[in-house]
Amino acid sequence: MGRVQDLLGCSHSIFGFGFGSSIDVAIAVSRSGGVGIWGCTRQTPDEIEAGVSRMKAELGDLPWGVDLVIPAGMPERDDRSAIESTLPPEHVEFVSSMRQRYGVPDDGLPGMRSRFVRSEETARDQLAVAMDHRIPVLALGVGSPTWAVEQAHDQGSLIVSLVGRPAHAETAIRAGADILVAQGTDSGGHTGPIGTFTLVPLVVEAAGGRPVLAAGGVATGRHIAAAMALGADGVWVGTAFLASVEAAPSPVLLEKLLAADATDTVVSRSVSGKTLRMLRSAWSDEWSAAGAPEPLKMPHQDILIGDLLGQVMRHDVAPLVHEGAGQGVVHLAGQQTVAEIMDGLVSEVEGVLADLDVDGSRAGRT
Ligand SMILES: Cc1cc2nc3c(=O)[nH]c(=O)nc-3n(C[C@H](O)[C@H](O)[C@H](O)COP(=O)(O)O)c2cc1C
């Protein structure tokens, strides 16, 4: 990723960016030679302020960034009772029957998705605190609004936009994106319908010379080599860090992540209201069963299920425990530190590239 390396000064020329909803993962990625990106969209402005201050203090001149999700069409205000008053009784009843059937304790606390409402107001406040600092990279998942791009550019940040279709790449470029992440359907978290192998070259074509990072199923050195062959300047990795020491999954979640096969993820709207790839569990099965209600749109689904899901995760209610995860989950091999994962990826890709050179001469490249 020579060009991205030049822009950001990271030490691994062939690795790229590591995404973590855990700030410890993001910090460890930057310390290990990549660009660590902290996914802080479910954090309050005060928490973002504390996290960004910590990243700055701990990482010094190393490259790092934060990721916010600012989807279009969210309500103006963070008003939970306004959303609650519109929840259909059938949906509320379904969620309460799940609580009863699986014995989920009600500790009276909200979950990560219901502690505040995803709204225009929240997004502005979240961005404002990040912008009080000079952050090297602002990544934007699920849409790149021009107002956010402009604010971040004024403050000197590079904008990385996640896109799942070539048309999204064009919109992100018009908004001012500096680097594009071509995120294929294999990826964990919110995802579109196009496979990584199909998407990356299309986004490279649409990028007008801007650097492109390949995402979605990049979990081994072979994937990194393939990403380079597809025209990407680097990779953007999430799932490979989910079982890391720094991510600190609960014992139940860790066991599920390490046991998962390539077919053990599903795309479901049952968590956020938008299509999100996650580990298959009784949670996704319940929402796709005959007679289950259709998930609501974002942010209504967040509020409908947020308390229950938070309690499922806090109390490790095993059948329902799950996490956003990509198909690359099949490649997780035991719990390692982020540094070990990064070293493994880098040494594997170096070996693969050396082997390809030999094969390349066989294929006529002399
Ligand atoms: C648990 C989880 C949470 C995620 N949350 C976000 C997010 O908040 N913002 C975002 O832009 N991408 C998010 N993503 C997507 C990642 O940024 C990245 O594109 C994806 O993990 C890459 O594909 P991979 O999972 O196959 O490595 C998330 C991914 C996972 C696995």
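How many bridges join S10 and S11, and in which sense do the two strands pair? In this predicted model, S10 and S11 pair in the antiparallel sense, and four bridges connect them. Within that pairing, Ser 268 has Leu 276 of S11 as its bridge partner.

The two strands belong to an open sheet of three strands, ordered S7-S11-S10, in which the pairing is antiparallel. Because strand S7 (189-190) and strand S10 (265-268) stand at the edges and each has a single partner strand, one side of each is left without a neighbour in the sheet.

Strand S11 (276-279) also takes part in the packing of helix H11, whose buried residues lie against this strand and against helix H13 (300-314). The buried residues of H11 (residues 251-259) are Leu 253, Leu 254 and Leu 257. They are placed on the same side of H11 because they cover an arc of only 100° around the axis.

| Residues of H11 | State |
|---|---|
| Leu 253, Leu 254, Leu 257 | buried |
| Pro 251, Glu 255, Ala 259 | exposed, on the other side of H11 |

Leaving aside residues up to four places away in sequence, Ser 22 touches Trp 38, Glu 246 and Ala 247. With Glu 246 in particular, a polar atom of the Ser 22 side chain lies 3.5 Å from the backbone oxygen of Glu 246.

Terms used: Residues numbered from 1 in each chain as written. Predicted model: local features only at pLDDT ≥ 70, side-chain atom pairs only at ≥ 80, totals over all residues. Heavy atoms only, no water. Buried < 20%, exposed > 50% of the residue type's maximum accessible area, 1.4 Å probe, protein only. Arc of directions from axis to C-beta. Contact = heavy atoms within 4.5 Å. Pairing = 2+ DSSP bridges. Polar contact = N/O pair within 3.5 Å; in protein donor to acceptor, adjacent residues only side chain to side chain.
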